[in-house]
Number of protein chains: 4
Amino acid sequence: MQLGMIGLGRMGANMVLRLLRAGHQCVVYDRDAAAVAALVEAGAIGAADPADLCARLTPPRNAWIMVPAAVVERVIDDLLPHLGAGDTLIDGGNSNYRDDLAHAARLAPLGIHFIDCGTSGGVWGLERGYCLMIGGEAQAVERLDPILRSLAPGLGDIERTAGRTDPPSRAEQGYLHCGPSGAGHFVKMVHNGIEYALMGAYAEGFNLLRHAGAGRADRPADAETAPLRNPEHYQYQFDLAAVAEVWRRGSVVASWLLDLTATALQADPELAQFGGRVSDSGEGRWTSLAAIETGTPAPLLTAALFERFSSRGEADFANQVLSAMRYQFGGHRERIKD
Amino acid sequence: MQLGMIGLGRMGANMVLRLLRAGHQCVVYDRDAAAVAALVEAGAIGAADPADLCARLTPPRNAWIMVPAAVVERVIDDLLPHLGAGDTLIDGGNSNYRDDLAHAARLAPLGIHFIDCGTSGGVWGLERGYCLMIGGEAQAVERLDPILRSLAPGLGDIERTAGRTDPPSRAEQGYLHCGPSGAGHFVKMVHNGIEYALMGAYAEGFNLLRHAGAGRADRPADAETAPLRNPEHYQYQFDLAAVAEVWRRGSVVASWLLDLTATALQADPELAQFGGRVSDSGEGRWTSLAAIETGTPAPLLTAALFERFSSRGEADFANQVLSAMRYQFGGHRERIKD
Amino acid sequence: MQLGMIGLGRMGANMVLRLLRAGHQCVVYDRDAAAVAALVEAGAIGAADPADLCARLTPPRNAWIMVPAAVVERVIDDLLPHLGAGDTLIDGGNSNYRDDLAHAARLAPLGIHFIDCGTSGGVWGLERGYCLMIGGEAQAVERLDPILRSLAPGLGDIERTAGRTDPPSRAEQGYLHCGPSGAGHFVKMVHNGIEYALMGAYAEGFNLLRHAGAGRADRPADAETAPLRNPEHYQYQFDLAAVAEVWRRGSVVASWLLDLTATALQADPELAQFGGRVSDSGEGRWTSLAAIETGTPAPLLTAALFERFSSRGEADFANQVLSAMRYQFGGHRERIKD
Amino acid sequence: MQLGMIGLGRMGANMVLRLLRAGHQCVVYDRDAAAVAALVEAGAIGAADPADLCARLTPPRNAWIMVPAAVVERVIDDLLPHLGAGDTLIDGGNSNYRDDLAHAARLAPLGIHFIDCGTSGGVWGLERGYCLMIGGEAQAVERLDPILRSLAPGLGDIERTAGRTDPPSRAEQGYLHCGPSGAGHFVKMVHNGIEYALMGAYAEGFNLLRHAGAGRADRPADAETAPLRNPEHYQYQFDLAAVAEVWRRGSVVASWLLDLTATALQADPELAQFGGRVSDSGEGRWTSLAAIETGTPAPLLTAALFERFSSRGEADFANQVLSAMRYQFGGHRERIKD
């Protein structure tokens, strides 16, 4: 099948490679000519600009947009003059599902289909395949099925879920039509919200293991902290890489994120190259916003988000307020931050 | 190798079966004679009481205790008169690591070794193997290696962690000597603390997906809730079983707990047989206690614990206090709980 | 000074009474003719409809809207045909500050000023005065000063803040021009966000005091809960009304909310008339949304919000997911919810 | 009445001054002779050592211990040889209520009464009086009533709680016999737990107000943060000292802690002298421990505690784990911490 790909960053380029390997024809464009050239080398058809890309696609066209969320609108503006009724645009990036609703509403009167597709897989997707969460009209999604099936991981050697006896569904092959416009990015948004909290759970656990020697004599006493009631309970010094490793086999907390943690701790148990300022990309925020708007309790998902904010110093003034109060009522003078 | 097993519940019995399959000799005892008989049928040697069990073991004996945490002390009392210097007791249950410190201190003067072993694997362990987190003296753990290796999952077909090139360590085979007395149960405790938060992350995410239709006209308006600013953003009705399924392949949130969630949602997307009162077994609490005592932030792990408390109605009076305040300052009359 | 008041609910009616007492002239309107009549009885001038209200006000008019947030837009629509350049509209309700931005932008080209005013004080405001947080153009706010000063509590007998030696500022008299359009409702929003967390803090504390007898023999054992390690530590039975009372004097946690809690507990220490389903009115949600959008950690404010959601059963499905997982990996059967 | 005071730090010394003013006789001791001399100057009787203090007290003696929790045990050891049946020891410091249970059990066979007394009031107590939360036998507390009444704030000019018509209770005068041994420190513990969360609520609110200009052009863009969807919503620059001030009058969030915050912000709206590393003294931890042990949800109280831990860098390794995971699955390189 034929697909146009706009945006050849880490994700877009690898997706094209995976599609080429599966025998699809890809017309590719990026503002960075070198990115285009690299994929032409790999068998793709290069386009000079959006107009050229659309010209090289046979109607009804399928054009997949794989750019930062903030740029999607502009890319649609660039493509629109060169598209016609029956064509399909796919936003495969990390867009807010509310934008999908606007885009679909804008394109529908022109007879252009709009599909939103949340794409998970990161740098591993080229080999493992991409988990695809798709929203839009059933007919448009149906037509794109060969592309979607090739991008997705497929059944693989993962054991089938007990109770599933029918021929494997799309979900079992790693791609799912989740519902109407926005449904794909909504599910991807919640996916990332969960991801933040899963990450936070492991991070807190390993941090606690690292604090398990808090009662050891070789640790400096901390004037700011209440002394331990039972220092003999905190005398351990764990090999965190080994703990991560043993949990990978047979334990309830085994997961792909744990596999990655094991890799990182194996490379350096001190994780010294990481400064501990943790970014957040948007979906985690949107998940908590959706939880609040719909009245859904999401304490873990939101705590994971706030931990990231704090890691970047955004709680500093709040902490100063606390110190100021303590000084006011008790004359407590806090240690100055280094 | 020879092992005595005291406590033939779901965990203990399956562990004996796994050891028998691996060619070990097992002497088994339980207060429930039927449980003993069933394992004798499977090839184990039955014991009539703790004394009999010790008599049937060749010194130096290895006796594995697999009973509820509250009973361990009493079982040790029962065994002690029949043990001698050089013997080894293993507590493989969900004990508090602080009890291990006490038990080891009690047995050391008698020359009896004490090993604590956190055991993860649940009803799946018989086939998958058990993830073992072990504490105690190196020599005693070393002697028990054949038993531990047979209980553990082994390398299996799980991909090796990048950077591990030496002959597979014990950790890679699913069992780990974590440190001195208590270290095994400490690591298991943190393991379960993480588990609670991982579970909570998925639970919140699926709950949010279920609320994604909050703006649909067919949902009853709720007088207690601020109206949605943009009801058009919440019109979805997701197939939760399909979402769980698609995330199992290629996504960042893939895990064994997700596999189990997919199974449960496949059986009944409404989960109607579950009333939503969630128990907690102890380790989650101990994890948060350790975090607080060592000054380690653990907001997610602890929020997961508190969510369980709330599910059992333990926040009810707090909520009544809130309603009472609202009535006092604003004359608000809350809807009465059904 | 002359003021028109639209919306004569609990808040609007009391504010008119307070203004009448201070010698202001009030023209009042409400869809409920009885509410108008009651205030006419008290000295106000009644209006038959929005047009009549505007006709009875001398330009430049000041019209104060005190209606639910969802109705503000419609009230503005009703008033607009009868207003002219130089007039001022005040939204004194619990509106979202984003709406203020829209309203101000709509009215500016017509030469009509728009002031947003967050109003705190509840049923107590008539006697105590209202704390006013005001946004909009300085000139329009300045013109309204006599009204604002009369509504506000004034200096009262509250001790002046150390370091304040100038003539008392407006803030010290209980009203503050916080900034341009929306600033008043923004500050009021954060005020309510803080209020939710203050309330939650007391609620959790009193709930814990109520659980302080968890180890007493007369409390039923709970099969779902890990047994207490030291039941002798939890043998208390506190008189919550007395505790609330003693904290009112000399303690660090003294506050007006504590005063109200003391009143409620004095009336009934069991708070039996309150069912424990706690509503939320919007500002708490908006506060958390603003925290998330600006990357500000707000774990307490947001946890307070989620506790309210949970009190209304919105976590139920999440808890069912937890129970379903526990059943899958451990065969645990939860107690069914009553 | 006569009282011995051991420990003449900020709290103990001021309490002696308050008692002297009320006409009581105080025998005082501290390891620091200058502290003793200062109070002798003010009218107290100085003691050279614990034995001397006991000798100067007329049996049945009342000796009040006002020292750090970690030192109480040793002070009791020092006093015990010089006390006799019928004497009373009071621990008025911030001890863990579990220690009270041990102390009372140790002293009971000797006929010595033990009273635990949580004391709130900080540096303000000398003038305002101290809020006293008392545990122990009723008879011993009764005998000490003249001392307790003098330390407490008394009725003052605080409005009586609605519904209280009897002669003012002790609680209304600011001191309360809460129950048997430990009850006083238990209630004080929960008091401090609540205090932490109240403080956290204000701190988060003011921090959010400070972030309200996140969309202003003069604020540096942050590569780590998702761009604001609506920067026009975050253009404010609030006068935090004025906001704190206006909330002191007529608002729902008025409190003594807010008064102190207003003082601090009035002195320096930037709070520049406070580094933001916030200590915790023990009671907050014990409150959360008690919540966890009794199965009481306390998300706000515990989040407030964890925020303090994080302010001291205790989350750093957790954050490094998060960054390491992000690098592993997405190739994300975090900005290095300064």
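How many residues of chain C are in contact with how many residues of chain A? In this predicted model, 20 residues of chain C meet 20 residues of chain A, where contact means heavy atoms within 4.5 Å.

A count of residues is one way to describe an interface; area is another. The size of an interface is often given as the accessible area lost when the parts come together. Here chain C and chain A bury about 1,600 Å² between them, and 79% of that area lies on carbon and sulfur atoms. On the side of chain C, C:Ile292, C:Pro297 and C:Phe306 together supply 40% of the area that this chain buries against chain A, more than any other three residues.

The elements of chain C that give two or more residues to the side touching chain A are α12 (283–294) and α13 (299–311). By residue type, this side of chain C comprises 12 nonpolar, five polar and three charged residues.

Between chain C and chain A the count of salt bridges is zero.

The relation between chain A and chain B remains to be described. Chain B is superposed on chain A by a rotation of 180° with 0.0 Å of shift along the axis, and the RMSD is 0.0 Å. The two copies are therefore related as by a two-fold rotation axis. Among the residues of chain B, B:Ser255 comes closest to the rotation axis, its C-alpha lying at 1.9 Å. Both copies use the same surface, for 100% of the contact residues of chain B recur in chain A.

Terms used. Residues numbered from 1 in each chain as written. Chains lettered and ligands numbered in written order. Predicted model: local features only at pLDDT ≥ 70, side-chain atom pairs only at ≥ 80, totals over all residues. Heavy atoms only, no water. Buried area = accessible area lost by both parts, 1.4 Å probe. Salt bridge = Lys/Arg side-chain N within 4 Å of Asp/Glu carboxyl O. Helix = DSSP H or I, 4+ residues; strand = E, 2+ residues; numbered from the N terminus. Nonpolar A, V, L, I, M, F, W, Y, C, P; charged D, E, K, R; others polar. Least-squares fit on C-alpha atoms with pLDDT ≥ 70 in both.
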